[in-house]
Amino acid sequence: MAVRKWAGILILSGLIWSGLGAVVWGQSEFRVVNEPILTLRTPDAPSRLRSLEQRFQEILSQATSPQLQVSLETASPEPPATPSSDPQPQSTYIFLNGLLLLEVTPTDAEAHSTPQSVDLARVWGDRLQTVLNQNQRQLFWGLGLPQQLSWRGQLYNRADQTAVDLGRFITDGSRIQDRIVYWEIPVGEDPFGFTYKPVLPDPPPERLFLLNRYRQFVPYEL
């Protein structure tokens, strides 16, 4: 993880109450592929987590490859109000692929009993980078694709890996949810006879395919 002078995600939110029954701060947990990444403990934690989730999804959708890089940037310290004053604590910013993901504030550091925001940001950034590195395929290969397809009365579920392209995938241009649906030429059949004027079989085959953002065929099975 570099330091500069930098998704089938779950958000869990709660409120912490004082002894008099008033809300004093909120708590929200950010998870990636069900792995805990960070917990915000500030009065505006639920709204910050919603913004964090939205940013994370936007960055994933813009990524040109599954390689995601976390980095940090700490704001330059402001000069003290008087010569005898200590410098004011500063925020540290977590970036993902060079795009701002989260501002870690001095209040966050205090809520986690951490000396400075940069110390807490390093912990959160390292945890995020580790989870991203371990779950690249799960985050990206099905990004933007539905979990299920309904086609001519049949329900298909997305498989957990892409299919090897052996040149036997064809389509007649039919679309499901604005995506072209493909199927596979049966083994033993002449590919040239199918590609001249393909027609989707009736009843539909046991497997259909959609292309993901990396031009890989993602299977959907009955």
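Biologist: Where is Ser 113 found?
Modeller: Ser 113 sits in the loop between α2 (106–111) and α3. Helices are DSSP runs of H or I, at least four residues, and strands are runs of E, at least two, numbered from the N terminus. This is a predicted model, where local features need pLDDT of at least 70 and side-chain atom pairs count only at pLDDT 80 or more. Residues are numbered from 1 along each chain as its sequence is written.

Biologist: Why does Ser 113 count as exposed?
Modeller: Its relative accessibility is 70%. Exposed means over 50% relative accessible area, buried under 20%, partly exposed in between (1.4 Å probe, protein chains only). So Ser 113, at 70%, counts as exposed.

Biologist: Why is Glu 29 called buried?
Modeller: Glu 29 has 17% relative accessibility, so it counts as buried. It is found in strand β3 (residues 23–32).

Biologist: What joins the side chains of Glu 29 and Arg 31?
Modeller: A polar contact of 2.8 Å. The term needs a pair of N or O atoms within 3.5 Å; within protein, one must be able to donate a hydrogen and the other to accept it, and residues adjacent in sequence count only if both atoms are side-chain atoms.

Biologist: Which residues of α3 are buried?
Modeller: Among them are Val 118, Leu 120, Trp 124 and Leu 128.

Biologist: How do you know that the buried residues of α3 line one face of the helix?
Modeller: Seen down the axis of α3, they fall within an arc of 165°, so they line one face. The arc is that of the directions from the helix axis to the C-beta atoms.

How values were computed
Heavy atoms only, no water.
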